[in-house]
Amino acid sequence: MTSTDALILNLSSDLAPVRRRNMLREIALLVALGAAELGVILWTGAMRPDMGLVILSPYMIWKMGSLALLAGMTCTIAMRSLAPPASSRRGLMLALGTAALAIAGGLLVTSAADSGRSLLDRLSPVHGMLCATTITVLAMPMMAALGVLMRRAAPVRPKESALACGLAAATCAALIFTLCCPMNDPLYIAVWYSLGVTFVALAARWLLPRRFRL
Amino acid sequence: MVANPIFRLPLGRRALQRSRASSASAGGQDAWGALMTAAQEGHGGAYRRLLTEMSNWLISYFRRRLPAGDVDDAVQETLLAVHRRRHTYDPRLPLAPWLAGIARRKWIDQLRNLTQRPLEELLADIPVADHETAVTSASVLARLLDELRPTQAQAITLVKLQGYSIEDAARETGLSLSAVKMNIHRGLARLTVMLEKSDDID
């Protein structure tokens, strides 16, 4: 008997049934996490006070619509990448293209008043850093959950999966953060939200594959 | 003997699509898939049969991709990964692409392990007894070497695939011993990065 035969015998004896991976269950977990974060924001009164007035404005529809689309896309890409033989590369490129289009679409909803202000005034770096930091903090629980899911699943391209998980966590966090963020200028949103999302995605790409073994 | 679709499959994207299509036309279930589904429910006999057939395929897969001395390790590592991740197999899909994905990952891991071993250890286990077998095997790996610098490809071919000693390879190439070692080390590292980035290598 070869060592491989012995291994097969060992693995197949006393075989216990396993609970199959269920993507819907995993998505439900992420939705529950997002809902919990949303609940905390509402409970602490952190939602922007004029939300009722601005919810149907073009820039709010652009902001929330683009982020909802990106969050849905990246979550799907991340989930699909967690089992063989899926590769998330095409999906990630598609998400990147969608993000670029969404940013370009921001030009259409930029108000004349915003266009007339100076660049520094529009970017408002102090608020911007706060926004990017808040997105990062809001993304952490979801990134941790996706990290656990990734370790339980079988991503055969762990670095790509980690990046997809990071983008999913970050875009979901950015979507939730739109309820709090008082800024309406698309340039501000494009710059600082992108910075927050990029930071989380890179952190996930670096952290999640560490010590991962298929 | 269970009809085994994967023996006929090269592992490129087209092949995987063909496999998906043929599986869909067969109702989304293949013979290996049925065995794995039974295994997920705790059927040890079906699992043993599946792993035995998988190991035969894996031996053939890794012989074309790794130096002879690393094939057994890679097969066993892949079987362990299949065992640990068997809950991720979706019975609605064919098993062949699922296994191929795991095998590809283990191929990359095995190549990376080669680069991470200390050079002396790396070289100590290099020579192979049967030169003819070694030359005709690892054909996929040999083809990939074309993508490397000629000196790296030559060093890996001579030492890892054809079983030359490091001294013989140095004499053959006209390089110093340390240059041959470095070319092997850097070539394997570059190969690993290339494989990580590529989607399909048959």
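Two residues are taken to be in contact if their C-beta atoms, placed from the backbone, lie within 7 Å. By this criterion, the contact between the chains draws 23 residues from chain A and 29 residues from chain B. Helix H1 (residues 3–12) of chain A supplies the largest share of the side of chain A that touches chain B, namely six residues; helices (H or I, at least four residues) and strands (E, at least two) are DSSP runs, numbered from the N terminus. This side of chain A divides into 15 nonpolar, four polar and four charged residues. Here Ala, Val, Leu, Ile, Met, Phe, Trp, Tyr, Cys and Pro count as nonpolar, Asp, Glu, Lys and Arg as charged, and the others, Gly among them, as polar.

The model is predicted: local features need pLDDT of at least 70, side-chain atom pairs count only at pLDDT 80 or more, and totals for chains, interfaces and linings use all residues. Residues are numbered from 1 along each chain as its sequence is written, while chains are lettered from A and ligands numbered from 1 in the order in which they are written.

**Helix packing in chain A**

Helices H4 and H5 of chain A pack at an angle of about 175°, their axes being 10 Å apart. Axes are lines fitted to C-alpha atoms, for helices over the stretch in contact, and angles run from 0 to 180 degrees between N-to-C directions. H4(A) is therefore roughly antiparallel to H5(A), a term for angles over 145 degrees. The residues of this contact comprise nine nonpolar, five polar and no charged.

| Helix | Residue range | Residues in the contact |
|---|---|---|
| H4(A) | 58–80 | A:Trp62, A:Ser66, A:Leu69, A:Leu70, A:Met73, A:Thr74, A:Ile77 |
| H5(A) | 89–105 | A:Gly91, A:Leu92, A:Ala95, A:Thr98, A:Ala99, A:Ala102, A:Gly105 |

Helix H5 of chain A also holds A:Arg90. A:Arg90 is exposed (12 or fewer other C-beta atoms within 10 Å of its own), because it has 10 other C-beta atoms within 10 Å. From C-alpha to C-alpha, A:Arg90 and A:Gly52 are 38 Å apart in space and 38 residues apart in sequence.

**Chain B**

Chain B contains 11 helices and zero strands. Of its 202 residues, 43% count as buried, that is, with 20 or more other C-beta atoms within 10 Å. Among contacts in chain B with a separation of 6 or more, 71% join residues 24 or more positions apart.

Helix H11 (residues 177–197) of chain B has 21 residues and reaches 31 Å from its first C-alpha to its last, close to the 30 Å expected at 1.5 Å a residue. The expected span is 1.5 Å times one less than the number of residues. Buried residues of H11(B) include B:Val180, B:Ile184, B:Leu188 and B:Leu191, as well as B:Lys181 and B:His185.

Terms used
Parallel < 35°, antiparallel > 145°, perpendicular 65-115°, else oblique.
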